Amino acid sequence: MAVGTETGADTNAETVTASVIGGSGFTGGELLRLLAGHPNFELTEVTSRSKAGKSVGSVHPPLRGSDLRFTEPDDLESVDILFAATPHGVSMGRVDDFFDIADTVVDLSADFRLESEAQYEEWYDGHEAPEYLAKAEYALPEINRENLEGADLIAGGGCNATATILGLYPLFEHGILEGGERIVVDVKVGSSEGGAGGGEASSHPERSGVVRPY
């Protein structure tokens, strides 16, 4: 389902309904801001178990003018597109439920970014729904925008991976790199990458003025 172009919104496209699961975190908040300002999306529901009943604007100040309130994840109604801004491991266990709600699912976690069950065994703790991996399209519109139109399951690219791929892509495209080289990527991240959940490693006093190799 296509709702945008290279320049952003398509004013001639139909408006599609969308809901966001896990909208109280940093990623969910930025996603909500983008959807709320997009003329082709009608944002209908936002879920959060910890914030259920509270206004979206009380958690995300840029959305103070919104009438939306967080609801429980189990109360979702059918929409055209369902966005999942949940921690890794959640979507793979609920993907069947997601498709009962929406025709198109966009997952922002790492649950559908890799191609095989073996890769999840190596890099994560396995996968609960490996039959979906071959169906998922990795979202990197700067490179594969044409593959996203019509995709039923879209895996949002990771932040570090996106920066790495886009940085290296021109070198491969022009034949400077061919794929056999050993490439070391040193990613510098800020405290926001620790997420909204907190913890010692994510707190400003622990991270301020500190550079950690990633």
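The dialogue below takes up a helix, its cover and a loop.

Mentor: This is a predicted model, in which local features need pLDDT of at least 70, side-chain atom pairs count only at pLDDT 80 or more, and totals for chains, interfaces and linings use all residues. Residues are numbered from 1 along each chain as its sequence is written, and side-chain values use heavy atoms, with hydrogens and water left out.

Trainee: Which residues are buried in helix 3?

Mentor: Buried means under 20% relative accessible area, exposed over 50%, and partly exposed in between (1.4 Å probe, protein chains only). Helices (H or I, at least four residues) and strands (E, at least two) are DSSP runs, numbered from the N terminus. In helix 3 (residues 91-101), the buried ones are Ser91, Met92, Arg94, Val95, Phe98 and Ile101. They lie on the same side of helix 3 because their arc around the axis, taken from the directions from the helix axis to the C-beta atoms, is only 150 degrees.

Trainee: What covers the buried residues of helix 3?

Mentor: The cover includes strand 3 (16-21), strand 6 (79-84) and strand 7 (102-107), where contact means heavy atoms within 4.5 Å. In strand 7, five of six residues are buried.

Trainee: In which sense do strand 6 and strand 7 pair?

Mentor: Two strands pair if DSSP finds at least two bridges between them. Strand 6 and strand 7 pair in the parallel sense, over five bridges; Ile81 has Thr104 of strand 7 as its bridge partner.

Trainee: Is Val187 buried or exposed?

Mentor: Val187 has a relative accessible area of 14%, so Val187 is buried. Val187 is in the loop between helix 6 and helix 7.
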